[in-house]
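I opened my notebook today to look up a few spots in a structure that was new to me. Here is what I wrote down, entry by entry.

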Amino acid sequence: MDYNMLVIIWTGIILLGVAIYVVLDGFDLGVGMLYPFVKREEDRTTLMNSIGPVWDGNETWLILGGAALFGIFPIAYSVVLSGFYIPVILLLMALIFRGVSFEFRGRVSENRRNFWNNAFFLGSLFAAFFQGVIAGALVQGFDFMPAADAINAPEGYVSKGALDLVMAGGIWAWLSPFSIVSGLGLTAFYALLGSTWAIKKTEGELQTHIRHLTRKIALLFFLLATIILAWTVMIWQEQLFMAENLWKVYLFGGLYLVAIIVAAILMRSIRNSNTHWQPFVYSLLMAVLGAGALVGFLLPYIVPFQVTIFTAAAPESTLTFSLVGALIFIPLVLLYTGYIYYVFRGKVQGEGY
């Protein structure tokens, strides 16, 4: 198989894994963010039980994305992530703290349960926020510098080419107003996914309360998404309005118009008390539109308008060998995931399904 085709196939696999992670772990992180707005302890238990059978399996796709990035795009893994140590560590700490709180909450006395409720909320909130910050910093782009300049290498140091680059600007280069707003935007989207999932899984007074809350979350997300889109165009206007990249602007405009229509349908479905699964499906459609805009903006680059997927990819032998394993195990994981969601379909009734 042609080398460029292998790179394209692997890019598609990684993008698929990231998209599945955003959707699956996104809604269970969003459910955790609802905790401060749900006052009754039994309702909080219902929300937690709605994601109990699936939440840890959802994070499988994050591992897939990280491992594939390490093996398939080693230059991106070593060079791009060189500037993301702090947000990545904070993200992993939030996920660990959230997982611990998930397990401990059901095993402590009621007077100590509130601590783990707060831990579950904060772990979900910061995990979502730092994912958005990393994505925003990647979209905003950054400069590279030789590692020899960064570490004051001794005389006679031999450069290792592309692998000898690090992100310029120091350990805080990832932190900017744009990356913070991106973090808030992804957090709001995860909260929207989580609240529409809760509509799908609950009923009665709890569902009614979540519907009111979801409308506010949706409006906040639409506002932040519009700001991020306009800001992205402003940052990269010189490159985007070049003749060869103008299609990206048309893609943004077309997807945004479709998103407005989907947003109107979503808001209507949230207000309709007879709908249950529809708001979640429309939220997923919003995720597809957002992913389309992001992929259209980035490709064929990993770092906007600087490093392409073909420059960052591993040797052909690595891509071919890894593809065999991917074609065997990814379908198995998809089948298992689908089966689990099929088994635990329907509404949550108190302590379980």
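I began with I171, which counts as exposed because its relative accessibility is 56% (exposed is over 50% relative accessible area, buried under 20%, partly exposed in between, with a 1.4 Å probe and protein chains only). I found I171 in the loop between β2 (165-167) and α9 (177-201); helices (H or I, at least four residues) and strands (E, at least two) are DSSP runs, numbered from the N terminus.

I noted that this is a predicted model, where local features need pLDDT of at least 70 and side-chain atom pairs count only at pLDDT 80 or more, while totals for chains, interfaces and linings use all residues. Residues are numbered from 1 along each chain as its sequence is written, and side-chain values use heavy atoms, with hydrogens and water left out.

Next I turned to R98, in helix α6 (residues 85-105). Is R98 buried or exposed? I have R98 down as buried, because its relative accessibility is 0%. Its side chain joins that of S124 through a polar contact of 3.1 Å (a pair of N or O atoms within 3.5 Å; within protein, one must be able to donate a hydrogen and the other to accept it, and residues adjacent in sequence count only if both atoms are side-chain atoms). Leaving aside neighbours within four places in sequence, I listed the contacts of R98 (heavy atoms within 4.5 Å), among them D25, D28, W55, E59 and F120.

Last, I checked two stretches. Residues 217-237 are 95% helix and 0% strand, with end C-alpha atoms 30 Å apart. Residues 279-303 are 80% helix and 12% strand, and their end C-alpha atoms are 34 Å apart.
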